[in-house]
Structures are given as structure tokens and as C-alpha cells.
Amino acid sequence: MLPTASVDEVPPRLDDWSVLTRLLGLLSPYWGEVAASVLCALFATALQIINPLLLSIAIDKYFLHHEPAIDWLRIWLPQDAQRGLLLLSVLFFAGVVLSFLFQSLHAYLAQSSGQKAMADLRHRIFTHLHRLPVAFYDVTPVGRLVTRATTDVEALNDLYTNGIVSVLANSVMTLCFLAAALHLNSHLSIVLLAFLPLFTIMTLCFRRIITRSQQYGRILLARINSFIAENVGGIDVVHLFNRQKPHLERFDEMNSAYNTTSMQWVTANAWFMPVVEILGTISQAALLFMGAWLLQDGQLSIGVIVAFLQYATLFLRPIQEIGERYGVLQSSVVSAEKVFGLLDMPLSRLQDGGASPALAHAEIEFDHVWFAYKGDEWILQDVSFKVASGESLAIVGHTGAGKTTIVNLLLRFYEPQRGVIRVGGVDIRSIPASSLRNRFGVVLQDTYVREGSILDNLRFGALGDTEAQVHRAAEKTGLLMMADHFSEGLHTQVHERGDNLSSGQKQLIAMARAMARDPDLLILDEATANVDSETEERMQKAVEMFLRGRTSVIIAHRLATILHADNIIVMHKGRVAESGNHRALIHARGLYWRLCQLQYGEVATDLVRR
Ligand SMILES: Nc1ncnc2c1ncn2[C@@H]1O[C@H](COP(=O)(O)OP(=O)(O)OP(=O)(O)O)[C@@H](O)[C@H]1O
């Protein structure tokens, strides 16, 4: 049974001219190459038309000694058969060679202009992805975006090279063959034309079956791909829960559905070419029959019949190709709609340019802030707090209480629906997002490391950090000591997503990276969550030193790490439930005290003495 396509998978119809216009717009910087490519296709066609005519002249004039039906070469042709045939052979050969050259040039120019336009498009997509609001990524799977920038763009290239240019050239070719045939003999042309509707209908029927099954095949293949990716990504969990067998069964189900769909177009394809051949042969037989009849009447020559037999194959080929290209055109338009849909996504307003206002100090203030990721599901409700310049604020609370959301708002990844956030006394909406983020040193929960050396990762986003600064930061966090275990030290290569590092090692890199920037504002979200206790102690000391004199916001589940914070707020269901320093909050015996009890039991009382 064919799969039900999801909204994103449903192919749109091929009547969207705005998509085609935009596609042509992408080619406009290379219009010279495109025009030259179409011209080459036309020259190649013209040469293909001339060769059957040369053959017809050779037969009529030099073998049968009749006046040829085409008389425009007469004055150039010698009476002597040997010389005449030699001249026609040379012209024939030159025609074949030139036609081949023009066809190659046409293909090269079409491909190269298409490739350049696609490189431009990939550049635009990548730039656009960086400018989309963070909220967009909350609802868009990464795999889909990768498909847009790679597979869909490649499909567009097909549309240019095998689609638009080819359909254009083939349409013109059919008309040229028709004009040449009519010029030679109108009766035989009618025989040829009679096959046109039959051939067109047959081609469209086959194409319909093939295109439909290919489209569904693609949907099924995409599902197989994401199932494999999901399985490989979580292979340890699959093994842990012994899900191999059911997963294999599910995979076999999808695999066999794809196989069945593939077989539909494989079968249709296998029948298509022989049917085309048979129809071509039947048209040739009809031409021969009609030709013989007209020959008896003396209305045409054998040379003309031979030329028509050649035109029969040449004439039907472009229509067959248009039928084949239609499928490419259709699926490429689907890709084009998806790519343009992505490029039309409204850009983040948060990226507004403009001058960065001078910040008098490094105070952070949340002033009655309300925020919901969607609708009126409030994640933060009337949140207010202040972190004075050079002081530290710790945010604690249960999972999902809204701690990370506060950081997201502070870094302008999202904007609050109500209330104002100020940094240095300035509403952050008037600070360009990039300059605001440059002021912060950030260590987030999900540590991002990329392919390259550890040193490259430390310098990631560096604002002119010196080698010495980077080394100092690596030393203070204990990263240098950790790196010494690797044979190449800080030059050790980090694999994609940091797969060859532990979570703790990645956190050390993130911490050293933030320190190296020497920022006056700091955000630490679970900064020491994944390191062992020895490293944690070392990092903790480094953090304490690092915090000195800087305004900082610290999120930590392990309360021991925030005992010395100047102020602590306890988030509960999106609201600030309590605030004060550690001692005051313990004495208050409220939520914070309960959190301490949960984590440290009796030891919690000792913490009061600290
Ligand atoms: N991008 C998002 N889109 C929609 N809802 C989100 C998004 N990010 C977080 N939430 C929701 O907002 C709420 C607060 O999440 P947040 O990450 O701020 O909590 P947290 O206190 O930092 O939790 P944790 O301690 O587990 O990190 C949660 O209910 C979460 O499901």
C-alpha cells in the first residue's frame, strides 16, 4: 500500500509559475552561458536536420540520377557522381562532428551555469540559516535542513540542466523537424504527424506511473533514512532495551514497501523503451507504405522516403525526452518550493544592525518579564531580579522551572512578550544581538565543540585572544592538565561533535573558551555538571577566581557550587519563589532549604555554617 504523505511530503502541482520565475532569476547572473547553451542545442538540431537531407540528395542525384527534391544545394554540386558523393560525405561527416561538438558544448554550458547558480543558492541557504530565529530550530528537524541545502539543491540543478534547457531545446527541435518534413513532402508529414498524439498519450501515461511511484519511493526512502539515523544515533539505548528484533521487523516492513514501490517504476521503465521502439517502427512502416504509393504516382523520390525514415526516429525522440524530463521537472519543482519556502522564512528581528549603545556598567536586570515559547503557555511569569555590576546571581529550581529560559532571553535568542531586560541600564532590544553576545562569556548545558584541534576550539569565536590568554585559561580550568594525557596536547584533534571527548572534557573546553575571552558578563549553565569531583574542585576554584569582579548568572543543580553567590533566586513554575543569599534562604526553611535537604540530607544544616 502506498504511504500517506505528510504535509511536508505532498508534492505540489507543476503550475506554480512564480517558482519557475524565481528559478530563472537564480540563473540571471549567468544568462550569457545559458543563452550560449540554448544556441548550441539549436545548432546541433539544425545539423541533425540537414544530414538526412544530404542522404536524400546523394540517393536521388547520384544513385538514381533524378533531380533531387531539395534544390538549394544544386548549384554547388558537381555533375560527376564520384566528386559529388565525396563532397556530400565530407559535409555529412562535418555535420556529425559539428553536431557532436555543439551537443557537448550545450551540455557543458548548461551544467556549468547550473552548478554556479546552485553554489550561489547553497551560499544563500547557509547564510539564511544563520539569520533565522532560534525558535525556528525548535520546530525544524536538522535532517530536513540538511536535505534542503544538499539533495533539494541538487534536484534544482537537474531542473536546469535536464529540465528547463532540455525541454526548451527539445520543443524547438520538434518544431524544426516538422518544418523540414513539411518542406520535403506534405503527405508523408501528415503520416508522421498522425503518430504524434498516440505517442504523446503513451509517453504521458508511462510517465505518470513512473513519476507517481518515484515520488512515493522518495517519501519511503526518506523514512528509511531517518529510521536508520535514529537507530544508529541511539544504538546503545536500542541494545539496552533489547529492541533489535522489533526494530528490524519495522525496518523490513519499510524496506519491503520501498521495494514494492521501486518495482512499479522499474517495470514501467522496462516497458517504456520497447513500446517506444515498436511505435517508431510502426510509424516507419506506415511511411514506407505511403511512400511506396506516392512513389508509384511519381509524387516523390526514394531519397525523400529515406530522409523521412530518419526523421521518424529524430522527430519522436524529443517528445519522448520531454516526457522523461517532465518527471524531473515535477520533482525538482517540489524541491524548489521547499528551498524557496525556507528562504522565505522571516528572518530574526533580533539580528537588527545599528550602532551598539555604550553600556555604563555591567548590571543585569529583569523587570517584570513574561515569556511563553508558544501561545499563552507562560514559562516565565512576572520575573524580576537585579544583578549588580560585579556580583553573582545563582538560579536554582526544579527541572523545567525556567532557568535556562532566563539565559535564552538574556542572550536574545528569544524576546519576552512582556517586561524589559536591561544590561548596563540599557534595554537589550536596543543592543544589536551580536554586540550583546560579545559582552558575555557563556558556558551552556549542551557544550558545543567542533572538528579541529582543542586549540581551535578554544579560539572559536575569539575576539583577538592572544596565545598566552588561551593558554592561561586552559591552565586555570585544568584543561591543560587533561590535554597532557593526549599525545598531542592542545593540538589533539577533536572529532565531529567531540565524539572522542568525554562530556567533562568538553565542559572544560567550554569553560576555558569562556575564560579566554575575559568578558565582564558571565553565564554559567551547569558548568561543572559532568566533571569528576577532583576536576570539579579545581574548576570550582577557577570559577570562583574567574567570577571575581564580573557580573555573573550561574545555573546549577548541585547547590554546593553556588554557596558563595551574592544572591540566589529559586524558580518555581516560572515564578521567582524565593530570593536571598544561601544563609538567608536556609534560615527561611522554604523551597531552597528543601532542595538542600533533598541533595545533602543532614549535611544541609552544616551548609548553613558556611
Ligand atoms: N524551545 C522550546 N520550545 C518550547 N518549550 C520549551 C523550549 N525550551 C524549553 N521549553 C519548556 O520550557 C520549560 C522551561 O524549560 P527550561 O529549559 O528553561 O527549564 P530549566 O529550569 O532550565 O530545566 P533544567 O533544569 O532541566 O535544565 C520546560 O517546560 C520546557 O519544556
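Q: What counts as a helix or a strand here?
A: Helices are DSSP runs of H or I with at least four residues, and strands are runs of E with at least two, numbered from the N terminus. The model is predicted.

Q: How about contacts between residues at least 6 apart in sequence; what percentage join residues at least 24 apart?
A: The figure for the chain is 77%.

Q: Moving to the ligand, which residues surround it?
A: The ligand is surrounded by Asp138, Tyr373, Ile379, Gly397, Thr399, Gly400, Ala401, Gly402, Lys403, Thr404 and Thr405. By class, this shell comprises 3 nonpolar, 6 polar and 2 charged residues.

Q: Which helix gives the most to that shell?
A: Helix α10, residues 403–410, gives the most, with 3 residues.

Q: Now α15: is it largely enclosed or exposed, and why?
A: Helix α15 is largely enclosed by the rest of the structure, because 12 of its 14 residues are buried. The buried residues include Lys506 and Arg513, along with Leu508, Ile509 and Met511.

Q: What span should α15 have, and what do its ends show?
A: At 1.5 Å a residue, the 14 residues of α15 (residues 503–516) should span 20 Å. The end C-alpha atoms of α15 are 20 Å apart, which agrees.

Q: What comes just after α15?
A: Just after α15, aspartate 518 adopts a positive phi of about 50 degrees.

How values were computed:
Residues are numbered from 1 along each chain as its sequence is written. This is a predicted model: local features need pLDDT of at least 70, side-chain atom pairs count only at pLDDT 80 or more; totals for chains, interfaces and linings use all residues. A residue is near a molecule or strand if its C-beta atom, placed from the backbone, lies within 6 Å of it. Ala, Val, Leu, Ile, Met, Phe, Trp, Tyr, Cys and Pro count as nonpolar, Asp, Glu, Lys and Arg as charged, and the others, Gly among them, as polar. Two residues are in contact if their C-beta atoms, placed from the backbone, lie within 7 Å. The expected span of a helix is 1.5 Å times one less than its number of residues. A residue is buried if 20 or more other C-beta atoms lie within 10 Å of its own, exposed if 12 or fewer, and partly exposed in between; C-beta atoms are placed from the backbone.
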